[in-house]
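This report goes through the contacts within and between the chains of the structure shown below. It then turns to a few backbone features.

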Protein chains: 2
Amino acid sequence: MAGAATDHPLLGREIVGRIGALGAISETPENLTRIFLSPQHRAAAELLLSWMESAGMRAHLDAIGNVCGRYEGDRPGLPCLMLGSHYDTVRDAGKWDGPLGLVTAISCVADLNRRGRRLPFAIEVVGFADEEGVRFASTLLGSRAIAGTFDEAALGSRDEAGITMHQALSQFGLDPAHIGAAARARRELHGYVELHIEQGPVLEGLNLPVGVVTAISGATRLAVRLVGMAGHAGTVPMALRRDALAGAAECIVEIEEFCRTDPDGLVGTVGYIHAMPGATNVIPGQVSFTIDIRAAADAPRKLAVTDIVRQIETIAKRRKLTLQVDVTHENRTVPCAPWLKRQVAEAVAAEGYRVFELPSGAGHDGMAMIDIADVAMVFVRCRGGISHNPAEHVEEADADAGARVLLRLIENFLPRTGEAKAS
Amino acid sequence: MAGAATDHPLLGREIVGRIGALGAISETPENLTRIFLSPQHRAAAELLLSWMESAGMRAHLDAIGNVCGRYEGDRPGLPCLMLGSHYDTVRDAGKWDGPLGLVTAISCVADLNRRGRRLPFAIEVVGFADEEGVRFASTLLGSRAIAGTFDEAALGSRDEAGITMHQALSQFGLDPAHIGAAARARRELHGYVELHIEQGPVLEGLNLPVGVVTAISGATRLAVRLVGMAGHAGTVPMALRRDALAGAAECIVEIEEFCRTDPDGLVGTVGYIHAMPGATNVIPGQVSFTIDIRAAADAPRKLAVTDIVRQIETIAKRRKLTLQVDVTHENRTVPCAPWLKRQVAEAVAAEGYRVFELPSGAGHDGMAMIDIADVAMVFVRCRGGISHNPAEHVEEADADAGARVLLRLIENFLPRTGEAKAS
């Protein structure tokens, strides 16, 4: 089955070329940085709109700065299968995180258009203006506007230069009062499908170019503070110490062990730690650290958080350390819709690849889109699992594999109602 | 025997009063800070010289800024029993660290002088000008000058304001070319005895006002760097991680366990840790931390360092982390001379206290004095073991107990040669 795509031209080359062109639109030439409502946002939007139009789509910039293209079905005004990803970047980013899904979707539509193929539903491609949330405090601004869940209060938030989002939108030529007009209704969408680089090493480890996403993992972030007693590193015998860092170290080892032995693929990370006073010759009296716990379902994540907090409490109590634990962030899990995920899996299989399902540990626009549509995702392998880094890389063959899967999905797509009828 | 000291007035009150007077001589009124070659150094020296003179001593400031007082024996020019401690402080210091030993020694001599008591040896009291090493990079400047081991290269070192030690000495009115003249010869000293606050919680835990020091512990400091692979906290499964912080945490737990179960009172501290990049949602790719290992003898400390480094190597290897370990500092152990320590113990017992021996985990001027004299130390209990902190505190009764022990030691003191004759 691996040769199944020989009936249409390879899309990988076009995709890689366009990724390069988009990647050149950056705040600084050395480090790819393309921030919400910047001149580079504008330049990238113009390029994307032109590609959409060449692909036979009607294209426009919406009120938040998303690029939106529509390819009509076999008659005008049909509900759409929505495809998309974001085209903003983190600072010092890779070229693929976001743009791959967007460019691939445009290339797929262009291929249909070249062949004059119309389907019994429309296709819409959206390039979300801000998923990373680099400029202002909030993330998913583009997809939230489309989902109708954009928080108007965010318009007052300021970037590092003190410019409010309201001012930045106006300067960009958008009317903040019209953001509501970007919102779409559930009845307009059959579903939302996003192709994205994995940003992890799992597919590479399995030697698979693509994977089927089961869910966008929910996340709980905790801030932990342990307070013991600072003391002289030479004068306090081990038995009399209340060393906050030794306590934190025990917690970190326990958290790792708990997640490592979890059968459901839980991941837990302590990414930040600060020990005070932080001198070589002083026993740390106070330590702060963070915990990030993710799982592909909410119930096991919440259970894990409870168990981990209980373990930390036990450690703190035994060591006579004062403990404070705060939940600083909580994201529900966004499960991919089984009926839509099955169609993705069928497309993967039809292209001759082993169907491998995995959760997305990273957040994506689907987290906002779930409010107006069923969601599915296709992952494409990236080298070393590296992302948010200039070393981020996707092989042309894998970009092509992703495009073939997406195209196959589109051409074979059965809206849920249609599917219900067929069964 | 607890009432044995009733034949002379209580010295504790005088000592506490003088500690208060010295503690008021500070760079800022809120936080006690008295730095080498500052105006406060000058003011404190003048006060100390006046107390020495009232105690019947001939007193002078030497070429490095030490205050030196001499109380002749039953004939002039006899070798001395040298007593002392330092009168510089850390920033935001307590009043007792250093001054207690110095003020107690002066009060003891004053007591002898009031009674017209002359001994078959001289007594010298030295207030060392810089033990803490706050102003310039090097510590023990005062005692090194007396021991003849002052490093002339230190004169070129600069304080935070860019002033060299050479300039600071000149501005203070001292001649840097004459520092050599502060050096004393071994034949001039019978020994060096220092009374100091414990700076640890051991005596308090045992409800003892004083303790007999066995040695000034040697210390080895290590800088450890672990390098793994940074990654997304959501997308890298636990089994594929090379988390440098989880590795460091395992090392810290092992170091604590190793020292905790050591039968010889080894202490080990990780006081500083830094995880990079240090973001909540990123697996740390690199961690640096320090290790401070101290023991009352060199051989077990060196053995422990070797064992701990081997354990860290094992952890790093198993976790596929790159390891770098550097020794950043090493201090030999300074054992207290058995003959002199025995006389301290006899004085403690004679004052009715249980003789309890403990090492000094903190550094003291004896580390320099060992080069020209046998050394012994008396520890006085301090509240909560707290030091280098405004909360540092000694009860008047304990200051008095320390003074009685020191006075008893002086009055019963047998120089080593004399002791050898007696045995």
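## Aromatic pairs

Over all chains, the structure holds 8 aromatic pairs. One of them is formed by Phe121(A) and Phe413(A), in an edge-to-face arrangement with 5.0 Å centre to centre and 80° between the planes. This pair links distant parts of the chain, 292 residues apart. Phe121(A) sits in the loop between α3 (99-114) and β4 (122-128) of chain A, while Phe413(A) belongs to the loop between α11 (396-412) and α12 (416-422) of chain A. The model is predicted, and side-chain atom pairs count only at pLDDT 80 or more.

## Domains of chain A

The domain assignment divides chain A into domain 1 (5-217 + 333-422) and domain 2 (218-331). Taken over C-alpha atoms, the centres of domain 1 of chain A and domain 2 of chain A are separated by 37 Å. Their contact takes 8 residues from domain 1 of chain A and 9 residues from domain 2 of chain A.

Between them, domain 1 of chain A and domain 2 of chain A bury about 540 Å², with 45% of it on carbon and sulfur atoms. On the side of domain 1 of chain A that touches domain 2 of chain A, the residues are 5 nonpolar and 3 polar, with no charged residues. The count of salt bridges between domain 1 of chain A and domain 2 of chain A is 0, whereas 5 residue pairs are in polar contact, both residues being at pLDDT 80 or more.

## Interface of chain B and chain A

How many residues does each chain bring to the contact between chain B and chain A? Chain B contributes 46 residues and chain A contributes 46 residues. The two chains bury about 3,900 Å² between them, 67% of it on carbon and sulfur atoms. Of the area that chain B buries against chain A, 16% is supplied by Thr235(B), Met238(B) and Thr280(B), more than by any other three residues.

Salt bridges between chain B and chain A number 2. Arg319(B) forms a salt bridge with Glu256(A), where the closest N and O atoms are 2.6 Å apart. Across the interface of chain B and chain A there are also 8 residue pairs in polar contact, both residues at pLDDT 80 or more. On the side of chain B that touches chain A, at least two residues each come from α7 (244-260), β9 (267-269), β10 (273-276), β11 (282-283) and β12 (286-295) of chain B. The largest share of that side, 9 residues, comes from α7(B). By class, the side of chain B that touches chain A has 24 nonpolar, 13 polar and 9 charged residues.

## Salt bridges over all chains

A search of the whole structure gives 60 salt bridges over all chains. In chain A, Glu72(A) forms a salt bridge with Arg58(A), and the closest N and O atoms are 3.1 Å apart.

## Backbone features

In chain A, the peptide bond from Met276(A) to Pro277(A) is cis, with omega near 5°. Pro277(A) is placed in the loop between β10 (273-276) and β11 (282-283) of chain A. In chain B, a cis peptide bond joins Met276(B) and Pro277(B), with omega about 0°. Pro277(B) is placed in the loop between β10 and β11 of chain B.

Leu37(A) is not a glycine, yet has a positive phi of about 65°. Leu37(A) is found in the loop between α1 (12-23) and α2 (39-54) of chain A.

Conventions: Residues are numbered from 1 along each chain as its sequence is written. Chains are lettered from A and ligands numbered from 1 in the order in which they are written. This is a predicted model: local features need pLDDT of at least 70, side-chain atom pairs count only at pLDDT 80 or more; totals for chains, interfaces and linings use all residues. Side-chain values use heavy atoms; hydrogens and water are left out. Domain bounds come from an automatic or database domain assignment. Contact means heavy atoms within 4.5 Å. Buried area is the accessible area (1.4 Å probe) that two parts lose on being put together, summed over both. A salt bridge is a side-chain nitrogen of Lys or Arg within 4 Å of a carboxyl oxygen of Asp or Glu. A polar contact is a pair of N or O atoms within 3.5 Å; within protein, one must be able to donate a hydrogen and the other to accept it, and residues adjacent in sequence count only if both atoms are side-chain atoms. Ala, Val, Leu, Ile, Met, Phe, Trp, Tyr, Cys and Pro count as nonpolar, Asp, Glu, Lys and Arg as charged, and the others, Gly among them, as polar. Rings of Phe, Tyr and Trp (its six-membered ring) pair if their centres lie within 6.5 Å; planes under 30 degrees apart count as stacked, over 60 as edge-to-face and the rest as tilted. Helices (H or I, at least four residues) and strands (E, at least two) are DSSP runs, numbered from the N terminus.
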